[in-house]
Amino acid sequence: MAKSKKKMNSKVLFGFKILGVICVLLMICFLYFLGKLNILPSMYYFLIVFLFFLVSLLSLFGIFKFKKVLKIFSFILLLLFGFISSFGCYYLYHTDAFLNQSFRNRKMSYTTTYYVVASSESSVSSVSSINSSVGYYNGSSLIEDAMGKLVESGGKNYSYTPYDDVVTMFQNVLAQAISVMLVEQTNYNLVFDINKDLKKEQFKVIDEIKFNTEVENNVETDGRKFNIYIGGNDFTNSLMDFNMVLTINMDTHKVLMTSFPRDYYIPVSGFDGRRDTLSFMGARGVETNRKSLEEFLGIDLGYFVKIQTHSLVGIVDEIGGIEYCSDVTFTTTHAKILDDYDDRKGEKMYVTKGCHHFNGIETLTVARERLAFPDGDRQRQRNCQQIIKAILKQLISVNTITNYNNILNSLNELYQTNLPREVITDLIKETIDGANWEILEQSVNGSDSENYVHLTNLRSYVMNPDMNTVHLAVQKIKETLEIEN
């Protein structure tokens, strides 16, 4: 009997030793991922390494050498650290994978889509059935390439009629004076918004021609002080409805958010001084907005973050909603709907003065709203600033731990960026090291006007910049970066 009991105790002790070794391996795994992630200041990391090494050494020594009570205590201590390490490995692994996937790209691409459009009354139903000339707008980008692809699709050459007036081209298609027209997707939709005499049901899209343009974006900064252009696309992925320059100084721990109205009318980079709104520039990719603002402001603006505003719903829901505080009571002109501008399909929001807890679709509806405010798009930009800060606040709260992996997946769908991983890990490291970030806000202003938009002869609402507010904004950006004027 004594021999059997001794044998059983020997098996239990062996099991303790195996579990102890497994716990030590988990701790090593945790320290590996923690070092690889590089989000802790060196002093903190080495203290954790020393603590884990000390616990491992004493616990293993206790399990192998000490008597029964101390063996159990040593095993429980090692088991506790192994349990913590297993959870740590899970979260650190997914964080490392997220950072690798989200902050490694130096290239951005955007798609330009051309429609081949005929009158809805026309017998033309495909490219091969085009029987007369093809119209196009003179100022269209990539129009020569579009013509070449049209020839490839139809298998024959076509005669072309250039137009200096987009509306006239639409009218000639309607009258069947020309067989079809080649028109950029964004301009096609814009015409019906501006000219109410033309109806979308009078036309039919018989083919699409797509071009994918890739932009290389290599950035050199001192790593501690930099500007980031943040652009928010609407659900069509063509209009850039949110525009901000984020200025970060990691030495002084200052963050400055500078907002620009969507209809700000500035020169378009690469178009010989021709102007357009920041919103319409989005059709030519985030790089056009970034470069145009960089040249307009006269500052280095190498980094960008392009936010998919419709993905805002997913991330806000994953973090459990946000708190939004309104200074006024208002009813939204937009309905609580996703991926659609037809506000007849959903209910409007009645928002009272004060603070509210909003879910994803409610947050998106408020972020889109501008017509309900006397200050129009200026107030929308301020609302978006508040929403961004509220999301960041929720992301760093303990509530995100239980839904961590889903949140990372939602973040991946929310944006594209050329920010390197090192910038993100340095920001996290500064915060863990006790940085008290001072977040400042400013916005530029302008005067209401009407002018040519979308690099066409179509006229719509624009905001002419108030250069006094622009100069003051640039001065504040330089002060934040500690750059002499």
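The model is predicted: local features need pLDDT of at least 70, side-chain atom pairs count only at pLDDT 80 or more, and totals for chains, interfaces and linings use all residues. Residues are numbered from 1 along each chain as its sequence is written, and side-chain values use heavy atoms, with hydrogens and water left out.

Phe170 is among the buried residues of H5, together with Val166, Val167, Met169 and Val173. Down the axis of H5 these buried residues fall within an arc of 160°, so they line one face of the helix (the arc is that of the directions from the helix axis to the C-beta atoms). Helices (H or I, at least four residues) and strands (E, at least two) are DSSP runs, numbered from the N terminus.

At the N-terminal end, H5 is capped by Asp165, with a side-chain oxygen 2.9 Å from the backbone nitrogen of Val167. Just after H5, Gln176 has a positive phi of about 60°.

## Aromatic pairs

Rings of Phe, Tyr and Trp (its six-membered ring) pair if their centres lie within 6.5 Å; planes under 30 degrees apart count as stacked, over 60 as edge-to-face and the rest as tilted. The count by this rule is 20 aromatic pairs. One of them is stacked: Phe170 and Tyr188 have ring centres 6.0 Å apart and planes at 25°. This pair links distant parts of the chain, with Phe170 in helix H5 (residues 166–174) and Tyr188 in helix H6 (residues 185–194), 18 residues apart. Tyr188 is buried, its relative accessible area being 4%.

Phe170 also pairs with Phe203; the centres are 5.5 Å apart and the planes stand at 70°, so the pair is edge-to-face. Here the link runs from helix H5 to strand E5 (residues 203–216), where Phe203 lies, 33 residues from Phe170. Both Phe170 and Phe203 are buried. Ring pairs join Tyr115, Phe170, Tyr188, Phe192 and Phe203 into a cluster.

## Charges over rings

A charge sits over a ring if NZ of Lys or CZ of Arg is within 6 Å of the ring centre and within 35 degrees of the ring normal. Lys149 lies over the face of Phe211, 4.8 Å from the ring centre. The charged end of Arg459 sits over the ring of Tyr452, at 4.9 Å from its centre.

Strands E18 (residues 446–453) and E19 (residues 458–465) run antiparallel and are joined by eight bridges; two strands pair if DSSP finds at least two bridges between them. E18 and E19 form a hairpin with four residues between them, and His454 in the turn has a positive phi of about 60°.

## Lys306 in strand E11

Lys306 lies in strand E11 (residues 303–308). Its relative accessibility is 7%, so Lys306 counts as buried. The side chain of Lys306 makes a polar contact of 3.3 Å with the side chain of Asn233. A polar contact is a pair of N or O atoms within 3.5 Å; within protein, one must be able to donate a hydrogen and the other to accept it, and residues adjacent in sequence count only if both atoms are side-chain atoms.

## Helix H13

Helix H13 (residues 421–432) has 12 residues and spans 17 Å from its first C-alpha to its last, close to the 16 Å expected at 1.5 Å a residue (the expected span is 1.5 Å times one less than the number of residues). Its buried residues are Arg421, Val423, Ile424, Thr425, Leu427 and Glu430. Gly434 follows H13 and has a positive phi near 100°.

Methods
Buried < 20%, exposed > 50% of the residue type's maximum accessible area, 1.4 Å probe, protein only.
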